[in-house]
Amino acid sequence: MRSWSSPPVPALPGRGPALRLYDTADRQIRPVTPGSKATMYVCGITPYDATHLGHAATYLTFDLIHRLWLDLGHEVRYVQNVTDVDDPLFERADRDGIDWRDLADREVALFREDMTALRVLPPHDYIGATEAIPEMVELVEKMVASGAAYVVEGEYPDVYYRADATQQFGYESGYDRETMLELFEQRGGDPHRPGKTDGLDALLWRVNRPGEPSWPSPFGAGRPGWHVECAAIALSRIGSELDIQGGGSDLIFPHHEFTAAHAECVTGERRFARHYVHAGMIGWDGHKMSKSRGNLVLVSQLRAQGVDPSAVRLGLLAGHYRADRFWSQQVLDDAHARLHRWRTATSLPAAPDAADLLARLRRYLADDLDTPKAVAALDGWTTDALEYGGHDETAPRLVATAVDALLGVGL
C-alpha cells in the first residue's frame with residue numbers, strides 16, 4: 001500500500017538527551033534504548049470513516065517519537081498497518097451501498113491527505129491487512145501446530161488462540177480477569193462463543209460466511225482475526241523485540257495484549273516490544289470522540305473550513321499525549337493565536353539567543369514527550385522577542401528550524 005510523501009526534516013546543531021517514555025506494561029517512565037536502527041509499530045486505521053482528531057492525536061504522538069529519534073541520529077524503521085478487512089468496514093459499505101474495497105480505498109486516500117497536511121512523517125512500511133494474508137496464515141499455522149490455538153467445532157470451525165498459551169499473558173495491560181472479559185466483549189471479542197475453551201480466547205481465523213470476502217488457508221477459506229493481523233505484519237517487517245508498539249489507549253486491551261501474546265507464543269520471547277506506548281483519548285462535548293457516538297471533529301472538515309493544519313497540530317500538542325483531554329473551539333483559537341505569535345517572532349531580523357531554548361526543548365520532549373513544557377518555553381522566548389527584542393540575527397531561524405524539526409509545526 002502506498003504511503004504518503006514526507007515533509008523535509010531539517011537538521012539541528014548538537015544532540016539532545018536520550019528519549020524516556022512511559023511504558024504501559026511497567027507502569028513507569030524509563031529510557032528507550034534502540035540500537036542504531038530504532039523500530040516502531042503503530043496500529044493504523046480501519047478505513048470506514050474519515051480521520052478524526054482522536055486519530056490525529058495518536059499519530060502526532062508517534063510522529064514526535066520519530067522526529068526525536070531522527071534528531072538523535074537513529075535510522076528509523078516505522079511500520080503501520082491498515083485494517084482494510086473487518087466487520088465495521090463491511091457494515092458501513094453495506095449501509096452506503098458501496099463495495100467495501102472502494103470504501104477502504106477512498107478513506108485511506110483521505111487519511112493520506114490528512115497526514116500530509118498535518119506534516120506527519122510517513123511509515124517506512126504502510127501495509128494493508130489484505131496485502132499480508134499469507135503472513136497471517138503462516139502465523140496461525142504455527143500457533144495451531146504448537147498447541148497455542150485450536151479449532152472450534154460446529155457449523156463454522158473458526159480458529160482461536162488460547163489466552164493461556166503464554167505464562168505472561170496480561171502483563172501489558174495489568175488488568176484482572178473481570179476487567180479483561182468486560183473490555184473483550186466491548187471491543188470486538190466474543191466471550192460467549194460456544195465451543196471456546198475460555199471466554200478470553202481470541203479469534204485467529206474466521207471461516208467464510210455467506211457474503212463475506214475470503215482467502216484460502218489450511219483451515220478453510222476465510223479471513224483473519226484483528227489481533228493476528230498486527231502480530232504478523234510486525235514480525236514480518238520488523239521481527240521480534242521491536243522498540244515500540246504503539247497506538248491509542250483504547251487498544252491496550254484486548255488488541256495490543258493479544259498482538260503481543262500471538263508473537264510471543266511463536267518466537268518464545270518474553271516481550272514482544274521493549275516499550276508499549278499509548279496515547280490518551282480526545283473528547284468533544286463531554287465524551288470520548290468516536291465514530292459510534294457520532295461526535296467526531298474531522299481533520300478533513302477543519303481543512304475544508306480553511307483551518308491551518310499547523311494550528312490543529314499545535315492545539316493537539318498543547319496537551320500531554322498520555323492525558324485524556326477535550327478539543328474545543330477555544331483550544332483551536334488559542335492555537336491560532338500562538339501560531340501567529342510564533343510566526344511573528346521568528347520573522348524578526350533579530351531576537352534573543354536561542355541556544356538555551358533549543359536545549360530545553362530537547363530536554364522536555366525527551367522526558368516522556370512533555371509538549372506542554374516545550375510549548376511554554378517557546379511562548380516565553382516569543383514574549384521576550386516581541387516585547388524586548390534581541391541582537392542575535394541567527395536566533396529566529398534557529399527557533400523556526402527547531403519547531404519544524406522537533407514539533408513538526410511549520411513557521
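Mentor: Start with the residue classes: Ala, Val, Leu, Ile, Met, Phe, Trp, Tyr, Cys and Pro count as nonpolar, Asp, Glu, Lys and Arg as charged, and the others, Gly among them, as polar. The model is predicted, so local features need pLDDT of at least 70 and side-chain atom pairs pLDDT 80 or more, while totals for chains, interfaces and linings use all residues. Numbering runs from 1 along each chain as its sequence is written, and side-chain values use heavy atoms, without hydrogens or water.

A cavity is a set of points on a 1 Å grid over the protein atoms alone where a 1.4 Å probe fits but cannot get out, and lining residues have an atom within 4 Å of a point. Volume is the space filled by probe spheres set on points joined across faces, edges and corners. The count is 2 cavities of 30 Å³ or more. The largest cavity holds about 60 Å³.

Its lining divides into 7 nonpolar residues, 3 polar and 1 charged. Leu 60, Leu 64, Leu 316, Leu 317 and Leu 369 are among the lining residues. Helices α1 and α9 each supply at least two of the lining residues. The largest share, 4 residues, is from α1. Helices (H or I, at least four residues) and strands (E, at least two) are DSSP runs, numbered from the N terminus.

Look at α9, residues 309-317. It is largely enclosed by the rest of the structure, because 8 of its 9 residues are buried (under 20% relative accessible area with a 1.4 Å probe, protein chains only).

Now the open space. A pocket is an open set of grid points with protein on both sides within 12 Å along at least five of seven lines. The largest pocket has a volume of about 1,400 Å³. It is lined by 48 residues, and Thr 46, Arg 187, Trp 226, Asp 250 and Leu 251 are the closest to its centre. Two or more lining residues come from each of α1 (53-71), α2 (87-96), α5 (177-186), β8, β9, α6 (226-237) and β10 (242-248). Again α1 gives the largest share, 4 residues. By class, the pocket lining has 16 nonpolar, 19 polar and 13 charged residues.

Two UniProt records fall here; such annotations may be inferred rather than shown by experiment. The unreviewed entry lists a "'HIGH' region" motif at residues 45-55. That stretch is 27% helix and 0% strand, with its end C-alpha atoms 8 Å apart.

Finish with Thr 83, in the loop between β4 (75-82) and α2. Thr 83 is buried, at a relative accessible area of 1%. Beyond four places in sequence, Thr 83 touches Ile 45, Thr 46, Pro 47, Ala 129, Trp 226 and Glu 229 (heavy atoms within 4.5 Å). Thr 46 and Trp 226 are the two to trace back, as both are among the residues closest to the centre of the largest pocket.

Notes
Buried < 20%, exposed > 50% of the residue type's maximum accessible area, 1.4 Å probe, protein only.
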